[in-house]
Amino acid sequence: MASTSTADLPEKAPDESSKLKTFLSILRKFVGVSDIASVRFSLPAQLLEPTPNLGRIGTSNEPLGRTLEVLRFWFTKDLKYIKNKPCKPYNSTLGEFFRCSWEVGSTLPELPLPLNGPSANGVSTVKDGNGNTRRVCFLTEQTSHHPPVSAFYIDCAETGVSARGFDQISAKFTGTSIRVAPGQHNLGIFLNISTRDDEEYQLTHPAAHLGGLLRGALSISVADTCFIVCPKTRIKVILQYLEEGWISRAQNKVEGIIFRYDPDQDTITRTKDVPEGDVLARISGSWHNQLYYTLSGVNEPQLLIDIAPLYPAEKSVPPEENQLSNESRKFWSGVTEAILNKKYNQATKLKVEIEERQRQKAAERQAKNEEWKPRFFTGAVTPLGKPALNEEGLKALEGLRKAQYELEESEIKGA
């Protein structure tokens, strides 16, 4: 009879008491620290789950209609944090990357809009695409480790829609929760519609709070203001996420206003300061459930999107044999497998080994005075928060479009 090594046996999962003690001991280290991210404690970032709505932007012939389509994307990008409990991810390593694609369709309702010309009822209907399946591609790479920054690029070639930006957070322990806000290089998501004369929308992120630390039931709440601007259409959106009361149940309410603005003299940051004559529509509802828009001069709210029945679209990733050694799923596969098999000591050991290798490589680069450069993007933290793909990045993106995943393994000095 063959003996079983104790290393092969599943370990007892930590109970809630030990989890709490461990977590509190970690939090003590961050009392008085202005930015938790600077001491390598990663938290759920605010991005990114590009759901089918990215591929449905730009279908409207009206600037207001396209703004509403951008808002649909905005309210669905955080689906995985709405539908799932927040958890601590792996600390990404320099040069680590991830690529995937989605085959998406659309069942979203039509968007009634005011007609510019005469009509019987003064309203036109903008259909949301033709129902065809479209491919949305996603490429992201950890381009900086101090500070931790990831560049990302999203693309839907069939519709001419792309989005890019830097994913970087600043996290501060407030005593009862952790405040997560955009880092200095995270200027939002920059969304481009090439078929509409390269209209560009900048979508900034609100700050969020990770609460429930002492209860052991983590939750994300948002009480902040964010903006969406499009200088070409001269339309701006202000979204105000409302703070919940101490007694009332969380409603996750959001209110907003869509209005005409002057990109050259833009000073408006509060909804109450928007002149009534510039208002195009108002937004209201819950960012966890139904959201509505009400056109100026119309009393009847229209459904913008219902979040409740939606879930993150399933990702399509390269087969394991086509993944490179620094591709996220393969890079962390040993740690992931150990966790899934409840071999927590082994998972910790493997994770520590990975982190130690990163420190050694960083020391070697410093000793040789070598500058690390991203593989897929032109720079680690390019100006204005708009990362650009280099030739290798464009090749990887084209491979995703065609479901061809061949990339050469190269010397990895970062991951």
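View 1. The model is predicted: local features need pLDDT of at least 70, side-chain atom pairs count only at pLDDT 80 or more, and totals for chains, interfaces and linings use all residues. Residues are numbered from 1 along each chain as its sequence is written, and side-chain values use heavy atoms, without hydrogens and water.

**View 2. The largest nonpolar core.** This core has 52 residues. A nonpolar core is a set of buried Ala, Val, Leu, Ile, Met, Phe, Trp, Tyr and Cys residues joined through side-chain atoms within 4.5 Å. Buried means under 20% relative accessible area (1.4 Å probe, protein chains only). Leu68, Leu71, Phe75, Leu191, Leu239 and Ile258 touch the most other members. Helix H2 (residues 63-76) gives the largest share, seven residues. Helices (H or I, at least four residues) and strands (E, at least two) are DSSP runs, numbered from the N terminus.

**View 3. Strand E1 and its partner E4.** Seven of the eight residues of E1 (residues 97-104) are buried, so the strand is largely enclosed by the rest of the structure. Eight bridges join E1 to E4 (residues 134-145), and the two run antiparallel. Phenylalanine 98 stands opposite threonine 140 in E4.

**View 4. An open four-stranded sheet.** The order is E7-E8-E11-E12, with antiparallel pairing. Two strands pair if DSSP finds at least two bridges between them. E7 (169-173) and E12 (219-222) are the edge strands. Five bridges join E7 to E8 (residues 178-182). Isoleucine 169 has proline 182 in E8 as its bridge partner.

Terms used:
Buried means under 20% relative accessible area, exposed over 50%, partly exposed in between (1.4 Å probe, protein chains only).
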